[in-house]
Amino acid sequence: MKTMNRIMILAAVSMAAACTPAVELTDSTIELPDSYSTAASADTLTIADMSWEEFFPDTVLQRHIRTALEGNYSFRSCLDRVRLAENELRTARLGYWPSVSAGLSAGLERFGEYTMDGVGNATTNTPDLDRSKHIPDPYPDFGLGLSFSWEVDLWGKVTQKKRAALSRWTASREAASFAQSILVSEIAMTYFDLVNLDMKHQITTAAIDFIAKSCELTEDLKDAGEMTQLAVDQFKARLLELKGELLDTENRISAMERALCLLMGKFPEHVDRRDFYELREMQYPGDIGIPDLLLTRRPDIREAEMTLAAADCDIKAARRAFYPGLRIGGSGGFDAFDIGKFFLAPASLAYEIAAGLTSPVFNAGQIRNEYSNAIVRRNIVVNSYKETVVRAYSEVAGLIESNENIMKRISVKKEEMRTGKKATDSANELFRMQFIGYLEVLSADRDYFECCESYVGLEIERMKLQADLYRALGGGGFTQPEPSTAL
């Protein structure tokens, strides 16, 4: 019998080697450039190692981020998906253990007199048999016992399934980490947009005061016969235009506050924020790091990597389905047709145990197709992994280039703003002395007003780029308890 079992195993293994499809595995390796740009740091430390509390210096913004991480409903759903993955990991671990069930049964059955059971029972009740052992008619049956079934993990199929579940759990944590970095970045950028609107409101208010004074001066000059009504109307039209912009800005501020409250999981209310000039002076870490660290820091890349590891385990588990399986099962307990003798031991004890070795011979190609599908799914995951790496590198490289460019633009805009301020002061002084007309004053004022708004916009864009770069480089990681079931 042992020789026959060995022959069956060898035959099944040989058959598996012959039946497994020859599907080519896609190479999962990918090489990154040495650096993002010539200006990027080559240090091995990156801002991705920093938590968001360390990266963002504004304590008011920190408070809003903390509120969002606790109250944002979408992010809380991500955390629940991590818990689901951990439950699946526990389920996969239980594959090592046998399934055990308990049962209690009671029944009553009458066999027909002209049936095999009926005749057999009648002939069994002979006079020389103890009357307590005579089979009654109708026949009651009482049972209480345990049964178990266990598939021995001969080839490590259960182990591969557990490793796949562990990789998917890790991938779910990385997905939650990525969602956290996105949420932190969105909170920061919305906060900066709100500060930008506050500054636009201040600039517009200052422009209204300036134009109102110019309008009064023009009316005085008109009363003195030195200016026409057209000049007065032009200044009034500009004044009304600015008041309209001010109302629009106030509406946008309210909308931005509602958007920020929604991200924090709160009902609309006033949102605290710092002044633009305070934010402008705050410094952000600028160490970028080398691209190779992107593979170990950025959570969406790590998620794709763990998904790839799970796909590799799925292939190994699918291949082991070709091999024979050993299943052990049995049951035991009390069984009697007389309730009075139900717990009489060992007379009412009954048990059975069996072991079986099974090997797939013909299943209409189902196992072969499952193995082939596992390879194809793995190749799809490889392509997704490589696409994620390339996209992440391109995103970081673009953000670094934009950050370098915007610093130059801010420097040019500051010089333009200083020049514009001089032009505005000169235009007003010359207008008072009637060396120039009102159109030059309006033009100089409009140019300076737009220049101030543009400068503020560039500074806010610089802050938003820092928040976006923080997210693109990994977002500081994600703290979550380790699984209660280790491999």
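So, ring pairs tie F55, F56 and Y470 together into a cluster. By pair I mean Phe, Tyr or Trp rings, with the six-membered ring used for Trp, whose centres lie within 6.5 Å; planes under 30 degrees apart count as stacked, over 60 as edge-to-face, and the rest as tilted. There are six aromatic pairs in the structure. F55 with F56 is one of them, edge-to-face, at 4.9 Å centre to centre and with 85 degrees between the planes. Both F55 and F56 are buried, and here buried is under 20% relative accessible area, exposed is over 50%, and partly exposed is in between, with a 1.4 Å probe and protein chains only.

Quick housekeeping before I go on. This is a predicted model, so local features need pLDDT of at least 70 and side-chain atom pairs count only at pLDDT 80 or more, while totals for chains, interfaces and linings use all residues. Residues are numbered from 1 along each chain as its sequence is written, and side-chain values use heavy atoms, with hydrogens and water left out.

Back to the rings, then. F276 and Y455 have ring centres 6.4 Å apart and planes at 85 degrees, so that pair is edge-to-face. F276 sits in helix α8, residues 276-281, and Y455 in helix α12, residues 438-472, so the contact ties together parts that are 179 residues apart in sequence. For anyone asking about the assignment, helices are DSSP runs of H or I with at least four residues, strands are runs of E with at least two, and both are numbered from the N terminus. F276 has a relative accessible area of 2%, which makes it buried, and Y455 is buried as well, at 4%.

R238 lies over the face of F449, at 5.5 Å from the ring centre. The rule there is NZ of Lys or CZ of Arg within 6 Å of the ring centre and within 35 degrees of the ring normal.

Okay, salt bridges. Side chains of opposite charge can pair when their charged atoms come close. The cut-off is a side-chain nitrogen of Lys or Arg within 4 Å of a carboxyl oxygen of Asp or Glu, and by that rule the count comes to 22 salt bridges.

Take D314 and R168, whose side chains meet at 2.4 Å, N to O. D314 is in helix α10, residues 299-320, and R168 is in helix α6, residues 157-223, so this bridge ties together parts that are 146 residues apart in sequence. How exposed is D314? D314 is partly exposed, with a relative accessible area of 26%, and R168 is partly exposed too, at 39%.

Next, E453 and K200 form a salt bridge at 2.3 Å, N to O. E453 belongs to helix α12 and K200 to helix α6, so here the parts being tied together are 253 residues apart in sequence. E453 is partly exposed at 22% relative accessible area, whereas K200 is buried at 17%.

E416 is partly exposed at 40%, and K413 is buried at 15%. There's also a network: salt bridges that share partners join D58, R274 and E278.

Now the sheet. It's an open sheet of four strands in the order β1-β2-β3-β4, with antiparallel pairing; strands pair if DSSP finds at least two bridges between them. β1 (99-109) and β4 (349-358) stand at the edges with a single partner strand each, so one side of each has no neighbour in the sheet.

Further in, β2 (residues 139-152) and β3 (residues 325-336) run antiparallel and are joined by 11 bridges. If you want to click on some positions, E151 has R327 in β3 as its bridge partner, and G143 has D335 in β3. β3 then pairs with β4, again antiparallel, over 10 bridges, and G333 stands opposite A350 in β4.

Last item, from the UniProt record. The unreviewed entry places a "coiled-coil region" at residues 232-259; positions are in the numbering used here, feature names are shortened, and annotations may be inferred rather than shown by experiment. In the model, that span is 100% helix and 0% strand, and its end C-alpha atoms lie 41 Å apart.
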